[in-house]
Amino acid sequence: MRPPDRRRALRALLSLLTCSLAFALASKDVKKEVTPSKNLKKSGISRKNDIDLKEILFVIQSQSNSFHAKRAEELRTSILRQAAALTQELPRALLLHELSEQEGAWTILPLFPHFSVTYSGNSSWIFFCEEETRIQVPELLETLRRYDPSKEWFLGKALHDEESTIIHHYAFSENPTVFKYPDFAAGWALSIPLVNKLTKRLKSESLRSDFTIDLKHEGKPVKNEDIFVAVKTCKKFHGDRIPIVKQTWAGQASLIGYYSDYSESSIPTVDLGIPNTDRGHCGKTFAILERFLNHSNDKIAWLVIVDDDTLISISRLQHLLSCYESSEPVFLGERYGYGLGTGGYSYITGGGGMVFSREAIRRLLASKCRCYSNDAPDDMVLGMCFSGLGIPVTHSPLFHQARPVDYPEDYLSHQVPISFHKHWNIDPVKVYAMWLAPSEEDRARPETQKAFKDEL
């Protein structure tokens, strides 16, 4: 599902990626993008800006789900342990999900006023990182000392699109390489003067788009028979898309069903009794949810709903789901946001696949929240419903709403992706073989062998 008013967001810099507001607003003032050196002590660079660790505020972009909260706490412990070894006063290290329960805090935008008021008097830098970022604190300190903290700085590893892409609403379609944005997994830093400036601009300027696009796994894999995969399709795609599903990833799934507006025994498809719609498909999705809860074996812990042009690795999904408790209400995938600056909600975009624990479905269907029409956007309605129930969506960057060609190579280089979406202008069989096929997993491409790099 794509935003219904995409045209309004074509050039909306303020909602491209998690925290991209900062990059969009700061881009006019930033003098250069920086990739930190790992040998600064040997480089002879002057340390004119001799800041201490206590002047760096670390913000870990954590999530409230128990698995993610634990990983973020481990990173905080690592940061503070490294700091203690330097015999300096310990810095502050904050977990994002503990700072605010406000919907949309993951975009960082609602927290700028708090950062400005609370920390501008005793901090020089705010360093943002993800729970999987691996930080060498001494080298980070040396890097920040290269820059005058009284000036406006946005430091990080710069990425750019090679061509205009749907994930960024086709912004800068004339020359997409001119728009650079940070690799959030590598960590990024804002000087306090820039934080203060952004806070003032947020107060005086409204966001130019309602939509926000976001800014790894371990354990024993979940059993294949604990996962049911539901493929949404319709009669007109039975002949071209379903054969690709079967040729690529369907064989990995022990339990799979094809849900359509027409029953065809050769596939076979299940006619849900919901007329096909050109967009939205909310009626079809809720019919799948109800069918799963009421007619499947209670021992099946997970439901995955995908489109018929989604490419997915079931084996990698099994590893990912080992991180989560199926007894908890889990709604997992690639997170987007709608109207987060004005009381909106987060949601899981459907194209990359939506993963539900049985408990999440039980709570959803026990509520009165339903589609307002069969062609309502299913992923957004689900986001609105779960938000109303107080169940946060859980984000994983390993799900992808678009094709591999729509992402910079550097962004994908430290991922072992779980899904991609769309067959447009690609050979989906070749894309699956290159990025998702099981035979690739144990001998990942050289650039992905170290999935979570020490970027600093």
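Is cysteine 282 buried or exposed? At 0% relative accessibility, cysteine 282 counts as buried, the term buried meaning under 20% relative accessible area, exposed over 50%, and partly exposed in between (1.4 Å probe, protein chains only).

## Basis

This is a predicted model, in which local features need pLDDT of at least 70 and side-chain atom pairs count only at pLDDT 80 or more, while totals for chains, interfaces and linings use all residues. Residues are numbered from 1 along each chain as its sequence is written, and side-chain values use heavy atoms, with hydrogens and water left out.

## Disulfides

A search of the whole structure finds 2 disulfides, a disulfide being a pair of cysteine sulfur atoms within 2.5 Å. Counting bonded cysteines along the chain, the pattern is 1-3, 2-4.

Cysteine 282 is bonded to cysteine 371, with an S to S distance of 2.2 Å. The link of cysteine 282 and cysteine 371 is left-handed, at -85° about the S-S bond. This pair links distant parts of the chain, 89 residues apart: cysteine 282 belongs to helix 8 (residues 282-295), cysteine 371 to the loop between helix 10 and helix 11. Helices (H or I, at least four residues) and strands (E, at least two) are DSSP runs, numbered from the N terminus. Cysteine 371 has 23% relative accessibility and counts as partly exposed.

The sulfur atoms of cysteine 369 and cysteine 385 are 1.9 Å apart and form a disulfide. The link of cysteine 369 and cysteine 385 is left-handed, with -80° about the S-S bond. Cysteine 369 is in the loop between helix 10 and helix 11, and cysteine 385 is in helix 11, 16 residues apart. Cysteine 369 counts as partly exposed at 22% relative accessibility, whereas cysteine 385 counts as buried at 2%.

An open sheet of 7 strands has the order 11-10-9-12-17-14-18, with mixed pairing; two strands pair if DSSP finds at least two bridges between them. Strand 11 (269-271) and strand 18 (394-395) are at the edges and have a single partner strand each, so one side of each is left without a neighbour in the sheet. Strand 9 (residues 227-232) and strand 10 (residues 255-260) run parallel and are joined by 5 bridges. The bridge partner of phenylalanine 228 in strand 10 is leucine 255.

Helix 10 (residues 358-366) packs on the sheet, touching strand 12 (302-307) and strand 17 (354-357), and its direction makes about 85° with that of strand 17. Contact means heavy atoms within 4.5 Å; axes are lines fitted to C-alpha atoms, for helices over the stretch in contact, and angles run from 0 to 180 degrees between N-to-C directions. Helix 11 (residues 378-388) lies across strand 9, strand 14 (331-333) and strand 17, at about 35° to strand 17.

## Aromatic pairs

The structure holds 17 aromatic pairs. Rings of Phe, Tyr and Trp (its six-membered ring) pair if their centres lie within 6.5 Å; planes under 30 degrees apart count as stacked, over 60 as edge-to-face and the rest as tilted. The ring centres of phenylalanine 115 and phenylalanine 128 are 5.9 Å apart with planes at 70°, so the pair is edge-to-face. Phenylalanine 115 lies in helix 4 (residues 112-119) and phenylalanine 128 in strand 3, so the pair ties together parts that are 13 residues apart in sequence. Phenylalanine 115 is buried at 0% relative accessible area, and phenylalanine 128 is buried at 0%.
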